[in-house]
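Let's take a friendly walk through a protein model. Have a look at the sequence and the 3D view before reading on.

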Amino acid sequence: MRHAHEPFVQPGYAELNPEYDQGVNAKPVWSLAKPLPRVVRPGMVPTMDELRQAHRQAPWPAARSHRAGLDVDPDELTKGRILPTSNPLKIAAQVEDARLQREANLANKILRGDTASLSSSSRRFRRASTWALPPERLATVPEGDTPPEEGVDRPSEGLQETDPLLVDEPDELDFTTLEKSGDLQPLIEELVDEEVHNHHTTWSVVRTHYREALAEGLSVYVQLTLGFGADLAVTLANAGNPNTTAWAWGFATMLAIYISGGVSGAHLNPVITLVLWFYRGFPTRKIPGYFAAQFLGALFAAMTAYSLYYPSIQLYLDTSADGGILNSFVTGPRAPWIGAPTAFFTEFVGTAFLTIAVLALGDDQNAPPGAGMNALILGLVITLLSITFADQTGAAFNPSRDLGPRLVLLGLGYGAELFTDPYWLYGPWLGALSGAATGAFLYDLLVFTGGESPVNYPIERAQRALRKTALSGRRDRGRRSSVPEEAL
């Protein structure tokens with residue numbers, strides 16, 4: 001079945017277009033069209049000082065657990081064996097032991113040059129349950145007693161002291177490479193495969209550099225032009241059926257995701273970009289380009305829709321007030337009894353539900369849809385949210401979708417009340433931003449288990465990750481040129 005849907009490729013095509021022949025998922029793409037990438041973020045990676053401290057203080061596994069009076073292997077938590085009567089303080093010790101074992105194992109593999117299994121696992125469709133190392137390459141632990149820390153009792157006889165998949169002879173750690181790079185993060189980033197590009201013309205080079213922003217802008221332009229056009233068609237025809245526009249917005253969103261989902265990810269919305277940045281590791285350096293593409297796409301979409309319907313709009317304005325035209329482009333309370341709190345929480349709740357749906361569909365450990373189905377399902381989600389919430393505010397859930405048309409209508413002379421009414425700020429901006437942050441937090445707190453979410457960081461790691469993220473916004477640490485040559 002898979003081969004039946006593959007296109008015919010003439011001999012020689014891949015040689016002239018090497019980008020077509022590169023591996024799947026050669027680089028991470030935070031896309032709404034497929035499961036979100038799994039990336040190693042700064043808060044997940046121990047620093048050199050943390051590795052040294054763990055190396056000195058834990059000469060054998062489960063030291064902290066036994067210091068807390070536990071006679072249980074910390075790996076029991078990894079295996080899901082949690083007693084209902086367990087003391088949370090003792091669980092914290094087990095969690096720390098298990099985390100230090102995983103981090104020490106990762107550091108050993110990188111510092112010893114054993115990165116083949118790390119880089120190959122990034123190309124797998126699903127995460128690997130083990131390192132898939134051949135038996136002869138598994139770490140071994142020499143026989144004999146290992147002296148415990150001073151003041152710490154020896155573990156009970158039943159304790160499994162070593163796990164070759166998690167514990168790698170800590171006394172053989174070599175920090176030379178780490179001292180030169182200062183951190184494991186650049187070394188891990190270099191494991192990501194490089195992308196191959198087709199450069200046939202001068203423009204193709206420019207397009208490669210801005211391809212993601214260009215694709216994002218095109219998809220936003222198509223989505224919003226279709227959405228505004230559907231709103232105008234219903235308004236000008238006096239059809240009076242809001243469900244028609246709800247379906248139009250859903251299918252327009254589906255089409256937009258298909259247009260750029262494999263290139264930019266088709267975020268279509270600044271708050272989705274911010275959520276993926278904070279909770280899933282979307283690169284900081286790409287945010288300005290995405291924001292510019294999303295706002296410019298909305299601006300040109302409003303211009304296009306208004307121009308296409310200009311004669312009909314003028315005819316409509318001759319006999320009706322301009323409220324219908326305004327409601328076709330911008331959002332706001334649709335009735336006098338819709339006060340500011342109701343309008344705010346309508347945008348808040350709707351955006352929170354949208355964000356939860358985006359993260360759930362992108363979670364490959366949950367129930368992701370089949371190949372190519374994310375776009376359709378997200379389109380149906382937009383339809384559902386529009387039917388549910390659009391009657392009160394118009395259901396923006398998106399700052400750029402509301403701000404772009406406001407600027408266009410202001411330039412066309414529709415009045416300063418477009419911005420004197422504070423809804424434009426507290427609805428599609430504050431309501432959407434706070435709703436998205438809350439929805440993402442709830443999903444990661446209650447469902448998501450990946451370490452890339454700050455919700456799953458230890459507190460001190462989350463603070464350090466935020467500092468590193470802010471620093472990476474000023475210099476691109478993800479590029480090869482930023483890593484010292486000796487560290488490679």
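What follows goes from the whole chain down to a few single residues.

## The ground rules

This is a predicted model, where local features need pLDDT of at least 70, side-chain atom pairs count only at pLDDT 80 or more, and totals for chains, interfaces and linings use all residues. Residues are numbered from 1 along each chain as its sequence is written, and side-chain values use heavy atoms, with hydrogens and water left out.

## The whole chain

The secondary structure is 20 helices and zero strands. Here helices (H or I, at least four residues) and strands (E, at least two) are DSSP runs, numbered from the N terminus. Of the chain's 488 residues, 45% count as buried; buried means under 20% relative accessible area, exposed over 50%, and partly exposed in between, using a 1.4 Å probe and protein chains only.

Now for contacts, meaning heavy atoms within 4.5 Å. Take the contacts with a separation of 6 or more: 78% of them are between residues 24 or more positions apart.

## The nonpolar cores

A nonpolar core is a set of buried Ala, Val, Leu, Ile, Met, Phe, Trp, Tyr and Cys residues joined through side-chain atoms within 4.5 Å. The largest one has 55 residues, and those with the most contacts inside it are Phe-228, Leu-276, Ile-325, Phe-329, Leu-409 and Tyr-414. Helix H12 (residues 287-308) gives the largest share of this core, seven residues. Apart from this core lies another, of five residues, including Ala-335 and Tyr-423. In soluble globular proteins, nonpolar side chains tend to be buried together.

## Helix H12

H12 has 22 residues and reaches 32 Å from its first C-alpha to its last, close to the 32 Å expected at 1.5 Å a residue. That expected span is 1.5 Å times one less than the number of residues.

Which residues of H12 are buried? Among them are Ile-287, Tyr-290, Gln-294, Ala-298, Ala-301, Ala-302 and Ala-305. An α-helix has 3.6 residues a turn, so residues three or four places apart point the same way. The cover over the buried residues of H12 includes H9, helix H11 (270-280), helix H13 (310-319), H14, helix H17 (399-411) and H19.

## A pocket and a cavity

Grid points are joined across faces, edges and corners, and a volume is the space filled by probe spheres set on the points. The second largest pocket holds about 890 Å³. Its lining has 39 residues, with Asp-231, Thr-245, Trp-249, Ala-390 and Gly-394 nearest its centre. The largest share of that lining, seven residues, comes from H10.

The whole structure has six cavities of 30 Å³ or more, and the second largest cavity has a volume of about 50 Å³. Residues lining this cavity include Pro-37, Arg-38, Arg-280 and Glu-452.

Where is Glu-452? Glu-452 sits in the loop between helix H19 (423-446) and helix H20 (459-472). Glu-452 counts as buried because its relative accessibility is 3%. Leaving aside neighbours within four places in sequence, the contacts of Glu-452 include Pro-37, Arg-38, Tyr-279 and Arg-280.

Asn-398 is in the loop between H16 and H17, and is buried, with a relative accessible area of 6%. Asn-398 and Asn-269 are 129 residues apart in sequence but 5.6 Å apart in space, C-alpha to C-alpha. Asn-398 also touches Leu-268, which is found in the loop between H10 and H11. Leu-268 has a phi near 65°, a positive value in a residue other than glycine. Ala-395, in the loop between H16 and H17, has a positive phi of about 55° although it is not a glycine.

Methods. 1 Å grid on protein atoms, 1.4 Å probe; cavity = no way out; pocket = protein on both sides within 12 Å on 5 of 7 lines; lining within 4 Å.
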